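Hello,

Here is the structure I promised to pass on to you. Please open it beside this message, and then read on for what was found in it.

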Amino acid sequence: MKLIMAIIKPFKLEEVREALSGLGVAGMTVSEVKGFGRQKGQTEIYRGAEYTTNMVPKVKIEVVCDDALTARVVESIQQAANSGAIGDGKIFVLDVGQAVRIRTGETGETAL
Amino acid sequence: MSLLTTYRGAAMAAGLSLLAAAPAWAQEVATTAAATAPVPDKGDTAWMMTATVLVLLMILPGLALFYGGLARSKNMLSVMTQVGAAAALAMLVWVMWGYTMAFGDGGNAIISGFNKAFLAGITPDSMAATFTDGVVIPEYVFVSFQMTFAAITTALVLGSVVERIKFSAVMVFAVVWLTIVYFPIAHMVWAGNGYFFGLGALDFAGGTVVHINAGVSALVACLILGKRQGYPSEPMPPHSLTLTGVGTGLLWVGWFGFNAGSALEANGSAGLAMINTFVATASAGLFWMIAERLAGHKASALGFCSGIIAGLVAVTPAAGNSGPFGAIVLGAVASVLCFIAVSKLKPMFGYDDSLDAFGIHGIGGMIGAIGTGIVYAPGLGGPGGADFDMAGQLLVQIEAVLATIVWASVGTAIAIFVAKLLTGLRVSPDVEQVGLDLGEHGERAYN
């Protein structure tokens, strides 16, 4: 099993969700996050006082899937979240040691 | 009759100036012509009661939201509470000794006599004079209307000291400041035997009494209190310009009570004040955004709101003393100069007038007060007579402005030091960091 963690632009979330649903991914976790990479922040001005925000708002999605599906999930996210502009985000793939469905106690891939 | 004569003479010299020796006139009438005592017009009375509650709307929730939105979220409740509680305290002080100090009988050019302390002698049958001979309104309505002015002026001052001043210090400051600053200035400008009134200074709805006074007091108070922790290196953006926008709208609506109500009657003068309160404000809102564009920024929502307030402030002394097109120009000029004051002057001098009470009310008030001496001219569409002497009037206006600045500065310094002596004035660094909502009131604005 793999954990696929992607940081994407917030407005791309719906496209990514649709693409993953098409692949049969059963669930995902979404968080609103802030961070910085190469994309610069924005300048805000209030009555002449200028503030540069270094942190840019992003959405983080986390999906766990079986090994066979991993490559296609990563590819789908990469395509759906791509706007061609700087700041489109990153995808990370991590190994998952175990998964447990709390209601039934099922473990491993059947718990996904 | 001497007071009455003073009033008529001044009124003639100044044209449509303000308030007059209201109680004195009322008493003249009551004592000399009981049989023909004027009956208040129901239209005037109804309008003045409405105007009075419109000014309350300016404070709660208007000013509370306008200021609150500009603060950081951890201080939202503290700003709203300070504004509300200072205004409430001002109302009580007003009926105890404020009204008599400003509008009681007798006294001198600085304050009135104390015969109306605790509203002594006022009954539902007591009448207060208006600008028209023989036209009166119930004195209780006049007391209430003027009460709201004292309340909002106190609250306005707080704009420069929020986010670090103790709640208890605000309460002490309010009592002392009202007593030694607001009541005497209100008397000097609006009472028939007041110093500025005697000079013939034009101040329709309180440019000097309310705005220059509040703005200058705010500046002095924030200089003594010191900067907020982290100012100006740390970002302190407004936490909700949405609420500031809502507050701006409420202030504009309420300001019709403030300005048009200052005519004291439902008549053409009130109508003139009304249209000027529309057009000067509209012009100022747009011109602030133009100034932003010329300075290389984007036209902003906060700029629009700030311009609206600057225009309202500037048109206050001119409301019934200007033609509509004079008011449009006045609003535009005040807006641009206030923009420069808050975005250039403040950073240059480095004082922490947190919500720009001085930059907008102080500067806007001065432009308005001095500008009123120009737009009053009949050649510019103003209501002045053909013999209006602009140079002479400007000198009087400037004298009133300077005297207000000096009086407010000295009085505020005293009031702040008294508050410091009794309360310590400033919250601890820990409370400032966690926010005054939790530290001073034990609540959070947003859960």
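Below is a short tour, going from chain A to chain B. Please keep in mind that this is a predicted model.

**Where the chains meet**

Moving on to the contact between the chains, 12 residues of chain B are in contact with six residues of chain A. On the chain B side, the elements giving two or more residues are helix H11 (301–315) and helix H12 (324–349). H12(B) provides the largest share, four residues. By type, this side of chain B divides into six nonpolar, four polar and two charged residues.

**A helix pair in chain B**

Next, have a look at helix H9 (residues 241–260) and helix H10 (residues 268–294) of chain B, which pack at an angle of about 145 degrees with their axes 9 Å apart. The crossing of H9(B) past H10(B) is right-handed. Among the residues making the contact are B:Trp252, B:Trp255 and B:Phe256 from H9(B), and B:Ala270, B:Ala273 and B:Met274 from H10(B). The residues of this contact comprise seven nonpolar, three polar and no charged.

**Backbone details in chain B**

Most residues other than glycine have a negative phi, and most peptide bonds are trans. With that in mind, a few spots deserve a visit. A cis peptide bond with omega of about 5 degrees joins B:Leu60 and B:Pro61, and B:Pro61 is in helix H3 (residues 42–70) of chain B. Another cis peptide bond, also with omega of about 5 degrees, joins B:Tyr231 and B:Pro232; B:Pro232 is in the loop between helix H8 (207–225) and H9 of chain B.

B:Glu163 is not a glycine, yet has a positive phi of about 75 degrees. It lies in the loop between helix H5 (139–157) and helix H6 (167–190) of chain B. Is B:Glu163 buried or exposed? It counts as buried, because it has 22 C-beta neighbours inside 10 Å and the cut-off is 20 or more.

B:Leu425 also has a positive phi, near 70 degrees, and sits in the loop between helix H14 (390–423) and helix H15 (429–434) of chain B. With 24 C-beta neighbours inside 10 Å, B:Leu425 counts as buried.

**Linking the two loops**

B:Lys166 lies in the loop between H5 and H6 of chain B, and is buried, with 24 other C-beta atoms within 10 Å. Beyond its neighbours within four places in sequence, B:Lys166 is in contact with residues including B:Gly424, B:Leu425 and B:Arg426. The C-alpha atoms of B:Lys166 and B:Ala419 are separated by 9.6 Å, although the two are 253 residues apart along the chain.

Definitions and conventions:
Residues numbered from 1 in each chain as written. Chains lettered and ligands numbered in written order. Predicted model: local features only at pLDDT ≥ 70, side-chain atom pairs only at ≥ 80, totals over all residues. Axes fitted to C-alpha atoms, helices over the stretch in contact; angles between N-to-C directions. Left-handed = near helix turned anticlockwise from the far one by under 90°. Contact = placed C-beta atoms within 7 Å. Nonpolar A, V, L, I, M, F, W, Y, C, P; charged D, E, K, R; others polar. Buried ≥ 20, exposed ≤ 12 C-beta atoms within 10 Å, placed from the backbone.
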